[in-house]
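Thanks for coming, everyone. Please look at the structure first, and then I will walk you through it.

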Amino acid sequence: MNVTPVLSVEGLGVEFRTRSGIVHALENVSFAVGKSETIAIVGESGSGKSVTAYAVMGILDPAGRVTAGRAMLGDLDLLASDRGELAGVRGRKIAMIFQNPRTALNPIRPVGRQIADVLIRHAGVTHRAAPAAAVEMLREVGITDPVRRAKSYPFEMSGGMCQRVMIAIALAAKPLLLIADEPTTGLDVTTQAVIMDLIGELAAQFGMATIFITHDLALAAQRAARIVVMHAGHVVETAPTKELFANPRHPYTAELIAATPDAAISLEALASVPGSLPDLRCADLPPCRYSERCSRKTEHCAKPLPQTRAGDRHVVACWNPLPKQPIGVSSASAA
Amino acid sequence: MTDLLQVSDVLKLFPAGGGPAGWAHFKRRFSGGPDSLPQVHAVDHVSFAIGKGETVGLVGESGCGKSTLVRALTRLIDISDGSIKLADRELSRKTARVFARDRDRARIQMVFQDAGESVNPRFTAFDAIADPLRRLRKLRGKALRDRVETVARQCGLPIELLLRYPHQLSGGQRARVGIARAIAVEPELLVLDEPTAALDVSVQVVILQLLQRLKHEFGMSYLFVSHDLSVVRLLCDRVLVMYLGKIVETGPAAEVFAHPLHPYTQALVAAVPRLHDRTDGRLLLSGEPMSPIDPDPNVCRFYGRCPRGTEACETAMPALRGFDKRLVACHFAEDYLPRA
């Protein structure tokens with residue numbers, strides 16, 4: 001794709017000041033998402049997936065600080081914008097769906113009113129028209145009996161319905177970019193399938209770019225066109241979904257795939273990822289934060305991480321990547 | 001295989017819509033009306049058995065009654081009707097309060113969902129594991145310490161971590177504490193309520209393999225509750241599928257997942273995301289489950305969401321019927337049988 005991306009994050013770095021030292025949460029995180037494209041950011045908990053989203057949205061915890069990088073939404077650098085500029089962007093151009101819909105919704109306001117608030121603030125709907133428009137949004141996200149449900153409070157609804165309300169709020173102003181942070185964690189698989197279909201349909205309908213954050217590799221495989229694998233605040237591999245699963249080049253990606261229950265025939269065949277995330281509070285973290293856990297470590301790994309092009313839109317940050325599977329086409333042509 | 005646990009016709013009702021506790025009862029006494037409080041049918045006449053050394057999976061969506069069933073089996077709550085037999089001992093006659101001090105208490109233990117939340121935050125790992133031993137085994141002093149250390153070692157929990165509090169442990173370590181505490185009193189049946197739901201895949205594998213090893217080592221039976229079907233498929237010999245308080249399908253795990261016979265199981269299996277095939281012709285369920293409050297006993301619970309839904313489903317509740325090694329509660333299960 002040669003079109004300008006909707007959002008392009010370049011060299012993002014974030015640190016947190018804590019009582020026990022500075023946590024280097026993100027370092028040199030780069031990725032881009034194009035119009036109507038769905039990408040997934042995957043990784044273990046603590047790998048910096050959510051922090052990336054929060055940094056882009058400008059809703060980092062006060063202890064967090066962006067130290068480097070740009071996040072370009074069109075011509076606007078979100079990381080350099082002031083609060084006023086961000087307020088005009090959030091909700092209108094970028095929207096976010098949070099992990100736990102029940103805690104993200106206002107518990108003491110009927111859901112219809114919460115949707116109406118967004119419509120009035122961001123979509124230019126008048127106070128008079130907002131309640132009816134909110135009911136219409138509820139209908140669009142597939143809530144049965146939306147007129148009655150608009151008057152319900154979040155606690156009166158099931159988790160799946162709350163998530164639909166969140167989606168209605170996020171999409172109220174028809175944003176360019178949707179960031180969904182683990183939108184279906186805690187939902188049943190059947191509900192998950194329906195919610196993910198709904199997000200996919202609406203994204204296609206509005207031509208929306210979607211960044212989908214998850215720890216579920218299988219879900220990412222099924223829903224995203226491209227996958228960004230993160231480990232300890234680094235992007236270790238980026239590739240089109242099919243290519244990533246057929247041809248994982250970073251050792252961490254391969255380990256993650258091997259640990260995912262779906263791929264295995266028996267429990268014994270499942271491999272765990274050895275070791276755990278490094279302590280990000282260290283001042284002198286190795287350039288490759290995976291090197292301590294890695295079985296393919298070489299003396300090169302002490303050098304700054306490379307961004308090796310491993311194929312069409314396939315980038316791997318590793319000095320000693322896994323060999324390409326024999327069926328592959330030449331990777332040089334893509335560069 | 002001899003049956004370790006036999007559950008027959010267990011019914012658990014909760015009063016619903018009565019306003020504040022006791023209010024409905026109060027009102028009824030004064031108006032002299034009949035005893036007609038609406039009831040939530042959380043577990044509705046469920047029967048099954050678990051063999052010695054068997055791992056049985058229990059799957060179903062949230063609100064289907066799997067947690068209530070599990071709490072009833074582990075005798076944390078009292079059931080409304082039916083019987084729960086462990087080997088030859090009837091467990092359901094004593095109230096949950098009395099059972100807490102019963103000598104059979106140690107024989108069924110439970111591993112809760114997120115050990116970070118189910119372990120007392122003011123107990124160290126040592127205290128958490130020692131608590132059941134103190135209460136049920138009356139162990140004290142050195143005997144207690146030895147036993148806790150043995151169990152911790154069996155669960156792969158380093159001894160030096162025993163003095164830490166739950167918040168100082170990682171997710172995987174907390175899961176190990178939860179397991180150690182449950183197996184400390186050497187139960188025959190271990191009930192696991194989504195033991196890996198809060199864990200990353202990389203840690204989940206280790207915990208699942210630990211559970212598998214412990215089972216072989218101590219000859220325990222497992223009842224494994226999960227909504228992650230890929231995990232259930234790996235770990236379980238047999239699976240029970242529950243929908244709105246009823247068991248709709250049971251059978252060997254591999255068969256049920258390869259050829260689900262009940263339309264609900266079909267939807268469930270189809271909804272599991274897979275790494276390698278992006279199948280798009282999936283079966284999607286529309287709408288929400290029907291209300292569990294006083295459901296019509298003559299309508300299939302799945303009616304309304306079922307893609308099949310015929311007149312027969314609206315007039316007769318399908319009973320569980322046997323197909324080879326499986327039981328299915330659907331009028332049309334024959335149609336879904338794989339052609340030989």
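**Where the chains meet**

Let's start with the contact between the chains. Chain B puts in 31 residues, and chain A puts in 34 residues. Keep in mind that this is a predicted model.

Now take the side of chain B that touches chain A. Three elements of chain B give two or more residues each: α8 (201-218), α9 and α11 (263-271). Which of them gives the largest share? That is α8(B), with 7 residues. What kinds of residues sit on this side of chain B? There are 16 nonpolar, 9 polar and 6 charged.

**Inside chain B**

Next, the domains. Chain B is assigned domain 1 (3-236) and domain 2 (245-340). Their centres, taken over C-alpha atoms, are 27 Å apart. In the contact between them, domain 1 of chain B supplies 20 residues and domain 2 of chain B supplies 14 residues.

Stay on the side of domain 1 of chain B that touches domain 2 of chain B. At least two residues each come from β2 (39-51), β3 (55-59) and α9 (229-235) of chain B. The most come from β2(B), which gives 8 residues. By class, this side has 12 nonpolar, 6 polar and 2 charged residues.

**The sheet**

Now the strands. Chain B has an open sheet of 8 strands with mixed pairing. Read the order with me: β6-β7-β8-β3-β9-β10-β12-β11. Which strands are at the edges? They are β6 (108-111) and β11 (321-323) of chain B, and each pairs on one side only. On average, neighbouring strands of this sheet are turned by 20 degrees against each other, direction ignored.

Strands of a sheet pair through backbone hydrogen bonds, either parallel or antiparallel. Here is one pair to find. β3(B) and β9(B), residues 238-243, run in the parallel sense over 4 bridges. Look for L58(B): L240(B) in β9(B) stands opposite.

Two helices to point out. Helix α2(B), residues 66-73, lies across β3, β6, β7 (189-193), β8 (221-225) and β9 of chain B. Its angle to β7(B) is about 155 degrees. Helix α11(B) lies across β3, β9 and β10 (246-252) of chain B, at about 105 degrees to β9(B).

Last, confidence. Chain A has a mean pLDDT of 87, and 95% of its residues reach 70 or more. Over residues 328-335 of chain A, though, pLDDT stays under 50. The model has 9 contacts beyond four places in sequence for that stretch. Where pLDDT is low, the predicted coordinates should not be read in detail.

Technical notes:
Residues numbered from 1 in each chain as written. Chains lettered and ligands numbered in written order. Predicted model: local features only at pLDDT ≥ 70, side-chain atom pairs only at ≥ 80, totals over all residues. Domains from an automatic or database assignment. Contact = placed C-beta atoms within 7 Å. Nonpolar A, V, L, I, M, F, W, Y, C, P; charged D, E, K, R; others polar. pLDDT = per-residue confidence, 0-100. Pairing = 2+ DSSP bridges. Axes fitted to C-alpha atoms, helices over the stretch in contact; angles between N-to-C directions.
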